[in-house]
Amino acid sequence: VRGLSPLKQILHQKEDNTLIFEARFESGNLQKVVKVNEFEYQLTLRTDLYTSRYTQWYYFQVSNMQAGMPYRFTIVNFTNRNSLYKHGLQPLFYSEADAKQHKVGWRRTGNELKYYKNNVGQGGRQYFSLTWTFQFPHDLDTCYFAHCYPYTYSSLQEYLVAICKDPIKSTFCKIHILCHSLAGNIVYLLTITNPPRSGEDIKKKAVILTARVHPGETNSSWIMKGFLDYILGDSGTAQLLRDNFVFKVVPMLNPDGVIVGNHRCSLTGQDLNRKYRSNGKKCYPSIWYTRNMIKRVMEERDVFLYCDIHGHNKKQNVFMYGCERKQQTKAPYMHPRVFPLLLSKNCPDKFSFRDCRFKVRKSKQGTGRVVMWKMGINNSYTLEAS
């Protein structure tokens, strides 16, 4: 996919002011555009490969625009009844001219925004539309729209190369190949801990973090990047954490889905966060190898915490899903509500304890959080971010 360069569309007349759309690039998603009238376009998103569902993630390029004209865009095949677009969320916009001239990057934008049930449906499924108007700031610019801040597989690779080249970070952050995905992309595993000082032989506990099992939840990659920036930094607390813990990090569980611009699934059209009980090593390599890696870690040391990082499309704030037995252990620090409660005390403006849930529902039995909990990790969580 990454080797394909977008084909340049040729306009029939010099005066043709039709917008040119393109999404054949890494993580791009747009299937079809219909020009309704001079400044109005109807857009259809591509479903996740080998499914008829999961239209949420979009990321496409627009060019050949006129500045200051009121364009209307309508995406017509969303499948979620509820959406944060009903509660103030706006599409993201990026202008190459603004980035070059004013150092302005991605920003939320769009006027007269509505998310509503439309009269289109397929196979008994109801579709919903998102519509907004927009005036481009520059003539003949190259611009992009996206559902959430893009974070591609290439972005991750560039980040990891920078760690390898850093003479200090590379001493306490080791980058391994966990496995290869179905399409042959590397699934990376990071081991982060300070080397023991001479004469020191403490058995450190482990912390296991994973992200981006759902490709369209790009905010999970930005949270993971924030965590890595912090834990690889030279602050006193980062040093203390590296002295006391071994961090095992899988930053991108589903690189294939990320590259092709899926929202939720892998290349086989499967939700990998329901496959942690599966023995499908060939079909779901990143999940199989992650679970096995965690089993090995558990044989060597105590696992203090496991957390899988996600993005949420319908709820606001940052919150956690945990796992709670009816009869909870007596030791208070082992209680699954303690860690989220501490998070909410540390950053009350971001983290919402009120939105946390600890009931283990039947439909979640195959998720990383529930499977790791049943394997014996008491503090086993999904972190969700709006």
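**Entry 1: helix H7**

I began with helix H7, residues 285–300, which has 16 residues and reaches 23 Å from its first C-alpha to its last. That is close to the 22 Å expected at 1.5 Å a residue. A reminder to myself: this is a predicted model.

Next I asked which residues of H7 are buried. I found Pro-285, Ser-286, Ile-287, Trp-288, Thr-290, Arg-291, Met-293, Ile-294 and Val-297. Then I looked up what covers them: the cover includes strands S11 and S12, strand S13 (205–211), strand S14 (245–250), strand S15 (303–311) and helix H9 (368–374).

**Entry 2: helix H2**

I turned to H2, which has 13 residues. From first C-alpha to last it reaches 19 Å, close to the 18 Å expected at 1.5 Å a residue. Its buried residues are Tyr-153, Ser-154, Leu-156, Tyr-159, Leu-160 and Ile-163.

What do the buried residues of H2 pack against? I noted helix H3 (169–172), strand S11 (173–180), strand S12 (186–192), helix H4 (219–231) and helix H6 (255–260).

**Entry 3: the nonpolar cores**

I looked up the largest nonpolar core and found that it has 36 residues. Ile-192, Leu-228, Leu-232 and Val-249 touch the most other members. Helix H2 (residues 153–165) gives the largest share of this core, five residues. Apart from it lies another core, of 26 residues, including Phe-21, Ala-23, Tyr-41 and Leu-130.

Not counting residues up to four places away in sequence, Leu-232 touches Tyr-159, Ile-163, Lys-169, Phe-172, Cys-173, Ile-192 and Arg-242. Two of these turned up again: Arg-242 lies over the face of Phe-172, at 3.8 Å from the ring centre.

**Entry 4: aromatic pairs**

How many aromatic pairs does the structure hold? I noted 40. One of them is Phe-73 with Phe-136, edge-to-face, at 6.2 Å centre to centre and 85° between the planes. This pair links distant parts of the chain, 63 residues apart. Phe-73 sits in strand S5 (residues 70–78), while Phe-136 is in the loop between strand S9 (125–135) and strand S10 (142–146).

I followed Phe-136 to another partner, Phe-145. The centres of these two rings are 6.2 Å apart and their planes stand at 70°, so this pair is edge-to-face too.

Phe-136 counts as buried at 2%, and Phe-145 counts as buried at 0%.

**Entry 5: Glu-384**

Last, I checked a record. UniProt, in an unreviewed entry, places the feature "active site" at Glu-384. I found Glu-384 in strand S17 (residues 380–385). Why does Glu-384 count as buried? Its relative accessible area is 8%, and buried means under 20%, so Glu-384 is buried.

Which residues is Glu-384 in contact with, leaving aside its neighbours within four places in sequence? I listed His-310, Gly-311, His-312, Asn-317, Val-318, Phe-319 and Tyr-321. One of them, Phe-319, has a charged neighbour to note: Lys-315 lies over the face of Phe-319, at 4.5 Å from the ring centre.

Technical notes. Residues numbered from 1 in each chain as written. Predicted model: local features only at pLDDT ≥ 70, side-chain atom pairs only at ≥ 80, totals over all residues. Heavy atoms only, no water. Core = buried A, V, L, I, M, F, W, Y, C linked by side-chain atoms within 4.5 Å. Buried < 20%, exposed > 50% of the residue type's maximum accessible area, 1.4 Å probe, protein only. Helix = DSSP H or I, 4+ residues; strand = E, 2+ residues; numbered from the N terminus. Contact = heavy atoms within 4.5 Å. Expected span 1.5 Å × (residues − 1). UniProt positions renumbered as here; feature names shortened; annotations may be inferred. Phe/Tyr/Trp six-rings, centres within 6.5 Å; stacked < 30°, edge-to-face > 60°. Lys NZ or Arg CZ within 6 Å of the ring centre and 35° of its normal.
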